[in-house]
Amino acid sequence: MSIVRPYGDTTGDGMVQLSFTLPIPHDKRAEGAALQLANRMGMDPAMLVHAKQMGDGFTFFVVYGKVTHLVDTDKVQVVERDFPLLSAKEVNATIKRRLRRRLNVVGACIGTDAHTVGIDAILNLKGIAGEKGLEYYSELSVTNMGAQVSVPDLVETARERKADAVLVSQVVTQRDAHLQNTRAMSAAFREALPAGRRPLLIVGGPRFDELMAPELGVDRIFSRGTTPREVASYLVHALAGGSK
């Protein structure tokens, strides 16, 4: 079945839950404004299930209601994984056989972003959810520059380390900071290095759209839920010609 409806209480009932904040203090008028917004977004009927003051002049709402919209899953566009998921042993063996040297990776959080949880989960030995990070792979040489790294410093370090790939994590998304930082980063690498010497540019974060890689000037975007093993497998696919 390619056409589906949202599910709330019973199959196909079209019920959805929506949360948002309005820049008004919490009172009856604010609750009415929240329901008005939900109605204008196509929720009918809409029920206010939660409202809470969030500091001076702001209220957080949760609204539950019915929509008539349908989803055609045949028209959904996503970036499918187009490479095999390899074990650490397979990753190391392929790099050793194909590159005959260690694969150099430089990672950082750029701009004012100080949230290193994502980049650390991918790069650090301890990894995430029981899966080891890229430092665990014997044929990967990893440099983790940490938080709030300037784009010029990232470019210079990548040049010094002869990076094959640069991994950038962006969690701060206010005013599309993650998009602006990524565009600035890719532009800086294009300016600093010719195409043949430019490292693979990879970005990740919870608010990225994986389809935006060409628009942002990067080679790959990884969204939430990405594992170190998936990143390592992609590096092998892109830089060492796969596992065969």
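Is Phe83 buried or exposed? Phe83 is buried, with a relative accessible area of 4%, where buried means under 20%, exposed over 50% and partly exposed in between (1.4 Å probe, protein chains only). The views show a predicted model, in which local features need pLDDT of at least 70 and side-chain atom pairs count only at pLDDT 80 or more. Residues are numbered from 1 along each chain as its sequence is written, and side-chain values use heavy atoms, without hydrogens and water.

**View 1. Phe83 pairs with Tyr234.** The two ring centres lie 5.6 Å apart and the planes meet at 55°, so the pair is tilted. Rings of Phe, Tyr and Trp (its six-membered ring) pair with centres within 6.5 Å; planes under 30 degrees apart are stacked, over 60 edge-to-face, the rest tilted. Phe83 lies in the loop between β5 (71-72) and α2 (88-98), whereas Tyr234 belongs to helix α7 (residues 228-239), 151 residues apart. These elements are DSSP runs (helices H or I, at least four residues; strands E, at least two), numbered from the N terminus. Tyr234 is buried too, at 6% relative accessible area.

**View 2. Ring pairs join Phe83, Phe222 and Tyr234 in a cluster.** The charged end of Arg81 sits over the Phe83 ring, 6.0 Å from the ring centre; this requires NZ of Lys or CZ of Arg within 6 Å of the centre and within 35 degrees of the ring normal.

**View 3. Tyr136 and Tyr137 form an edge-to-face pair.** Their ring centres are 6.1 Å apart, with planes at 80°. Tyr136 is partly exposed, with a relative accessible area of 44%, while Tyr137 is buried at 3%. The model has four aromatic pairs.
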